[in-house]
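Keep the viewer open as you read.

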Amino acid sequence: MIDKFEPKWIAWEITRRCNLNCVHCRSSSEMEIDGHPDFSTEEGYRIIDDIASYAKPVVVLSGGEPLLRKDVFDFAKYGTEKGLRMCIATNGMLVTDEICEKMKESNVRMVSLSLDGSSEEVHDDFRKVKGAFAAVENAARLFNKHKVPFLINSSFTKRNQEEIPKVYKLAKKLGATAWYMFMIVPTGRGEDIMNELITKEDYEEILDWHYEMEKNEDDLLVRPTCAPHYYRIVLQKQKEQGEKFKQRTLKFSTGGSKGCIAGQVIALIDVDGNVLPCSYFPKYAGNVREQSFKDIWENSDLFKDLRDFKKYKNKCGACEFINVCGGCRARAYSVSGDYLEEEPFCNYVPFRVRKNLSKK
């Protein structure tokens, strides 16, 4: 494997079918998807073999809604036998006592559950299906009953950003192992809500809030996601306040205290076999139906570009925090069409830029 760029976490879209119609869905999933059929169980086994022959990452069976596939637990069991740490990402609608038992039997190590509001009104509006909030509450109850470890992922736009502290408290109440605060990247159906993206100013305030919350949080593991400049804020705050706190890491996460890691330690394999830098980056590095995952990971020009910080442009390229932040490459690509451009939702002005401006 090339230097430190080792695949540690792979999201694997095993279906694009979904029983919800979320406003921000990166794959624009619906129950019937034209042109993106589910692959066979045999092909799924081949992809697992391909990954396991090269690395032993966390593999998250994702979608769409992965529980719509009858062979989802066959994949989980087979991956476990090959030494992979298998997880599942679900919206909770299909979770039952029987599903929980199958998760345990197939040695699913962690389940992620999506929750975007602290009430039925907010969450169901985001997910566009009535009963979605009740399903999350029921799934959390069943996971606790069957001792299935789960974390909660929450996505935010202007329509629900005021809910952030409330959702954090609800995640604790529901018994989650961790809570990940996702800042929306406008891809897939998310492109239709570009005007709902949280402003640069509010973004900074939310990350400031998260820093103070995380510093005092002893029980729940928390992490902002798709918010790479949080790691710049952590360093600034620690210097400013003359203190340090150690960020804890969930054993089934990507690990480390680093911002954008797309194509550096994580990737997505979509239902068509395309390998993407992350779940929100709609540009392919290769296809596992045509070449090995190893070949794509080590030799694709896209992944090489993302790992070469000297190629980053404008503010990101000049920033003293590039090694801990890097800016969201998927957001740069969605907004500007150039994945090496500066992070469009960061209002920090790097020292070198300020210095050059002062000379003019």
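**The overall picture**

The model is predicted, so to speak of local features a pLDDT of at least 70 is needed, side-chain atom pairs count only at pLDDT 80 or more, and totals for chains, interfaces and linings use all residues. Residues are numbered from 1 along each chain as its sequence is written, and side-chain values use heavy atoms, with hydrogens and water left out.

The protein has 13 helices and 10 strands. Those are DSSP runs numbered from the N terminus, with helices being H or I of at least four residues and strands being E of at least two. Of the 360 residues, 59% are buried; buried means under 20% relative accessible area, exposed means over 50%, and partly exposed is in between (1.4 Å probe, protein chains only). The accessible surface comes to about 15,600 Å², and 48% of that belongs to carbon and sulfur atoms. Areas are from the Shrake-Rupley method with a 1.4 Å probe, and for residues only the protein chains shown count as cover.

A contact here is heavy atoms within 4.5 Å. Among contacts with a separation of 6 or more, 72% are between residues 24 or more positions apart.

Two packed helices are described by the angle between their axes and the distance between the axes. The axes are lines fitted to C-alpha atoms, for helices over the stretch in contact, and angles run from 0 to 180 degrees between N-to-C directions.

| Helix pair | Angle | Axis distance |
|---|---|---|
| Helix 1 (residues 41-52) and helix 2 (residues 72-81) | about 25 degrees | 10 Å |
| Helix 4 (residues 120-127) and helix 5 (residues 132-146) | roughly 110 degrees | within 7 Å |
| Helix 7 (residues 200-215) and helix 8 | about 60 degrees | 10 Å |

For the wording of angles, under 35 degrees counts as roughly parallel, over 145 as roughly antiparallel, 65 to 115 as roughly perpendicular and the rest as oblique.

Start with helix 1 and helix 2, which pack at an angle of about 25 degrees. That makes helix 1 roughly parallel to helix 2. Helix 1 passes helix 2 in a right-handed crossing; a crossing is right-handed if the near helix is turned clockwise from the far one by less than a right angle, and left-handed if anticlockwise. On the helix 1 side you'll find Thr41, Gly44, Tyr45, Ile48 and Asp49, which meet Asp74, Phe75, Tyr78 and Gly79 of helix 2. By class, this contact of helix 1 with helix 2 has 4 nonpolar, 3 polar and 2 charged residues. The classes put Ala, Val, Leu, Ile, Met, Phe, Trp, Tyr, Cys and Pro as nonpolar, Asp, Glu, Lys and Arg as charged, and the others, Gly among them, as polar.

Next, the axes of helix 4 and helix 5 cross at roughly 110 degrees. That makes helix 4 roughly perpendicular to helix 5. Glu120, His123, Asp124 and Arg127 of helix 4 make the contact with Ala132, Phe133 and Val136 of helix 5. The tally for helix 4 with helix 5 is 3 nonpolar, 1 polar and 3 charged residues.

Last, helix 7 and helix 8 pack at about 60 degrees. That makes helix 7 oblique to helix 8, and their crossing is right-handed. Residues in this contact include Glu204, Leu207 and Asp208 of helix 7, and Tyr230, Arg232 and Ile233 of helix 8. By class, the contact of helix 7 with helix 8 divides into 5 nonpolar, 3 polar and 7 charged residues.

Arg232 lies in helix 8 (residues 230-241). Is Arg232 buried or exposed? Arg232 is buried, with a relative accessible area of 3%. Leaving out residues up to four places away in sequence, Arg232 touches Glu204, Phe321, Val324, Cys346 and Tyr348.

Pro228 sits in the loop between strand 7 (221-225) and helix 8, and at 3% relative accessibility Pro228 is buried too. Beyond its neighbours within four places in sequence, Pro228 has contacts including Gly259, Cys260 and Val324. Pro228 and Cys260 are 32 residues apart in sequence, yet 5.3 Å apart in space, C-alpha to C-alpha.

Most residues other than glycine have a negative phi, and most peptide bonds are trans. Cys226, in the loop between strand 7 and helix 8, has a positive phi near 60 degrees, and counts as buried at 18% relative accessibility. Lys147 also has a phi near 60 degrees, but counts as exposed at 68%; Lys147 is in the loop between helix 5 and strand 5 (150-156). Finally, the Gly63 to Gly64 peptide bond is cis, with omega near 15 degrees, and Gly64 is in the loop between strand 2 (58-62) and helix 2.
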